Amino acid sequence: NGVWDTGETEIEGWKVQVDYPLDYADLSQEVFTAWDDDVPTPKNGTYTYTFTELFPCDKWVATTPTTVTVDVEAGGSYTVLFGNVCLVPADVTMGTKGFWHNKNGSAMVTSDDLAGLRALCLVDGNGNAFDPYESSFDEGEKFADNPDDLSPWLIDGGSSDAKHVRENFAQQLAAFYLNCQHYLDGGATYFFYAPGIGDAGPDGDYISAKDLLDLANDALCDGYDSDLHDLLDDANNDILDVLVVSPSACTFSY
C-alpha cells in the first residue's frame, strides 16, 4: 500500500548519497542502508545535511520524497527514512474499445461507470461533448441510430479529420477508464513504462494508470495529444505491460 506498516522490515543495501555541510564537503559519500554513523556536528547552532536516495536499475517507485534536507543541532541526531515499492507484472488483461463496445463489455458497464465517463471531456465526431446515457449493445447499431449510447459511440469511425481524430482519442480514454475501474482497482497502484510521459520511478519513466487517466483527460479537455493517444491505445490493446506494486520487496542491484 506504499506505507511502512508495523512488522514490515527495512530494505537493506539501498544506496543513499550523503552531502555534508560546506565545511566538510570532502566527507560527502555514498552509503547503504541501514547506515548509522557519527558525522561532524557543530558545537553550537546547526549543520545542514542532504540525503538523496539512488535507485537501482530495477522497477522501483518512490513513495516519499527522494531527497531530504535536515538541520541537525549541536549534539543532536536525526533519522532519515525513504519509502519505495517495487513493480512486478500484473495478471490482468485489458479490454479494447471494441471489447467495451460489444455485448460482453457493454454488459459490464454500470451506472457508476457512466457517471464517471460523464465527468470526462469526451467528444463525438462533430466536436460536441459526448454524454453517454446508457451502454446497451444492439447488433448492427450505429452511433447515428442512438447518439446517446456508449456502445455504438465507442466504434464510431468517421473520417480522419481533426474532430474524428480527437473523438478516437476520447474513445481510447473511455475504454481506459473502464479498464481502470474493472481491472485495475481505480489505477493508483498499477503502472506503465512511459518514458517522457511518466512521473514516477527512476528518471520518471513510469506512470500510474490513475495519473495517466488524469493526464490524458486534461489533454483531451484542451484538444489532442498524439503521444497520450498512442499510450492509451497500446495500454488498451495489451501492448504495454501492466505493472503492479509487489506486496514484498523485490531483489535489486546497482
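**Reading helix packing and disulfides**

User: At what angle do helix α6 and helix α7 pack, and how far apart are their axes?

Analyst: Two packed helices are described by the angle between their axes and by the distance between those axes. In this predicted model, helix α6 (residues 209-222) packs with helix α7 (residues 226-236) at about 135°, and their axes are 10 Å apart. Angles over 145 degrees would count as roughly antiparallel; α6 and α7 are therefore oblique to each other. The crossing in which α6 passes α7 is left-handed.

User: Which residues of α6 and α7 meet?

Analyst: From α6, L212, L215, A216 and A219 meet L228, L231 and L232 of α7. The residues of this contact comprise seven nonpolar, no polar and no charged.

User: How many disulfides does the structure hold?

Analyst: The structure holds two disulfides. In one formed by C86 and C250, the sulfur atoms are 2.2 Å apart. The link of C86 and C250 is right-handed, with 75° about the S-S bond.

User: Where in the chain do C86 and C250 lie?

Analyst: C86 lies in strand β6 (residues 84-89), and C250 in the segment after β9 (243-245). The pair links distant parts of the chain, 164 residues apart.

Note on methods: Residues are numbered from 1 along each chain as its sequence is written. This is a predicted model: local features need pLDDT of at least 70, side-chain atom pairs count only at pLDDT 80 or more; totals for chains, interfaces and linings use all residues. Side-chain values use heavy atoms; hydrogens and water are left out. Axes are lines fitted to C-alpha atoms, for helices over the stretch in contact, and angles run from 0 to 180 degrees between N-to-C directions. Helices (H or I, at least four residues) and strands (E, at least two) are DSSP runs, numbered from the N terminus. Angles under 35 degrees count as roughly parallel, over 145 as roughly antiparallel, 65 to 115 as roughly perpendicular and the rest as oblique. A crossing is left-handed if the near helix is turned anticlockwise from the far one by less than a right angle, and right-handed if clockwise. Contact means heavy atoms within 4.5 Å. Ala, Val, Leu, Ile, Met, Phe, Trp, Tyr, Cys and Pro count as nonpolar, Asp, Glu, Lys and Arg as charged, and the others, Gly among them, as polar. A disulfide is a pair of cysteine sulfur atoms within 2.5 Å.
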